[in-house]
Amino acid sequence: GCNINFYLVDMPVSFPGKDQDYYCDAQCFPDMGCCHEFDMNEGNEHVQQITDHACTGHYSQDSSWKCNKWGDPEVKITPPEFG
(Lines give C-alpha, C1' and ligand atoms only; values in the text may rest on other atoms or scores of the structure.)
Protein backbone atom coordinates (compact mmCIF):
# COMPACT_ATOMS: atom_id res chain seq x y z
CA GLY A 1 0.00 0.00 0.00
CA CYS A 2 0.84 3.67 -0.08
CA ASN A 3 1.63 5.80 2.96
CA ILE A 4 1.78 9.60 2.82
CA ASN A 5 3.42 11.66 5.54
CA PHE A 6 3.80 15.41 6.04
CA TYR A 7 5.98 16.11 9.06
CA LEU A 8 8.17 18.71 10.75
CA VAL A 9 11.57 18.06 12.35
CA ASP A 10 13.97 20.23 14.34
CA MET A 11 16.84 20.51 11.82
CA PRO A 12 19.66 20.78 11.14
CA VAL A 13 21.66 18.65 13.54
CA SER A 14 25.25 19.59 14.37
CA PHE A 15 26.90 16.83 12.29
CA PRO A 16 26.47 15.82 8.63
CA GLY A 17 25.37 12.19 9.17
CA LYS A 18 25.90 9.24 6.83
CA ASP A 19 24.35 11.03 3.83
CA GLN A 20 26.09 14.36 4.59
CA ASP A 21 22.70 16.12 4.81
CA TYR A 22 22.34 17.11 8.52
CA TYR A 23 18.95 15.32 8.59
CA CYS A 24 17.31 14.18 11.82
CA ASP A 25 14.04 12.63 13.00
CA ALA A 26 12.62 10.84 16.05
CA GLN A 27 13.67 7.37 14.86
CA CYS A 28 17.28 8.18 15.85
CA PHE A 29 18.93 5.77 13.41
CA PRO A 30 22.68 5.19 13.80
CA ASP A 31 24.82 7.71 11.88
CA MET A 32 21.84 10.08 11.53
CA GLY A 33 20.54 12.86 13.74
CA CYS A 34 18.01 12.46 16.50
CA CYS A 35 15.42 15.20 17.02
CA HIS A 36 11.80 16.02 17.82
CA GLU A 37 9.36 15.10 15.02
CA PHE A 38 5.73 16.17 14.60
CA ASP A 39 3.65 14.22 12.05
CA MET A 40 1.02 16.69 10.85
CA ASN A 41 -0.60 14.17 8.52
CA GLU A 42 0.34 10.53 8.13
CA GLY A 43 -1.96 8.04 6.54
CA ASN A 44 -3.21 5.66 3.93
CA GLU A 45 -6.64 4.53 2.74
CA HIS A 46 -7.44 3.03 6.15
CA VAL A 47 -6.38 5.73 8.62
CA GLN A 48 -5.17 9.32 8.97
CA GLN A 49 -3.11 10.16 12.01
CA ILE A 50 -1.45 13.06 13.82
CA THR A 51 1.45 12.17 16.13
CA ASP A 52 3.95 14.00 18.32
CA HIS A 53 7.35 12.30 18.68
CA ALA A 54 8.88 14.27 21.55
CA CYS A 55 12.48 13.84 22.72
CA THR A 56 12.13 14.09 26.49
CA GLY A 57 13.66 10.71 27.47
CA HIS A 58 12.55 7.86 29.76
CA TYR A 59 10.08 5.98 27.57
CA SER A 60 8.33 2.97 29.07
CA GLN A 61 8.32 1.15 25.70
CA ASP A 62 12.15 1.06 25.56
CA SER A 63 14.64 2.66 27.95
CA SER A 64 17.22 3.13 25.16
CA TRP A 65 14.99 5.53 23.16
CA LYS A 66 16.12 9.16 22.98
CA CYS A 67 12.82 10.20 21.35
CA ASN A 68 9.33 8.67 21.46
CA LYS A 69 9.36 6.50 18.31
CA TRP A 70 5.68 5.51 18.64
CA GLY A 71 4.48 9.01 19.49
CA ASP A 72 2.24 10.46 22.17
CA PRO A 73 -0.41 11.64 21.75
CA GLU A 74 -1.42 9.67 18.69
CA VAL A 75 -4.70 10.80 17.13
CA LYS A 76 -6.20 8.40 14.56
CA ILE A 77 -9.14 9.00 12.22
CA THR A 78 -10.72 6.09 10.30
CA PRO A 79 -12.75 6.15 7.02
CA PRO A 80 -16.19 6.47 8.69
CA GLU A 81 -14.87 9.66 10.34
CA PHE A 82 -13.30 11.17 7.18
CA GLY A 83 -16.45 13.14 6.43
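**Cysteine links**

Analyst: The disulfide of cysteine 28 and cysteine 34 is right-handed, because the torsion about its S-S bond is about 45°. This is a predicted model, in which local features need pLDDT of at least 70 and side-chain atom pairs count only at pLDDT 80 or more, while totals for chains, interfaces and linings use all residues. Residues are numbered from 1 along each chain as its sequence is written, and side-chain values use heavy atoms, leaving out hydrogens and water.

User: How many disulfides does a search of the whole structure find?
Analyst: The search finds three disulfides, where a disulfide is a pair of cysteine sulfur atoms within 2.5 Å.

User: How far apart are the sulfur atoms of cysteine 24 and cysteine 35?
Analyst: Their sulfur atoms are 2.1 Å apart, and this link is right-handed too, with 85° about the S-S bond.

User: Are those two cysteines buried or exposed?
Analyst: Both cysteine 24 and cysteine 35 are buried, where buried means under 20% relative accessible area, exposed means over 50%, and partly exposed lies in between (1.4 Å probe, protein chains only).

User: And what about cysteine 55 and cysteine 67?
Analyst: They form a disulfide with sulfur atoms 1.8 Å apart, and a torsion of about 95° about the S-S bond makes the disulfide right-handed. Cysteine 55 counts as partly exposed at 32% relative accessibility, whereas cysteine 67 counts as buried at 1%.

User: Which pattern do the disulfides follow?
Analyst: Counting bonded cysteines along the chain, the pattern is 1-4, 2-3, 5-6.
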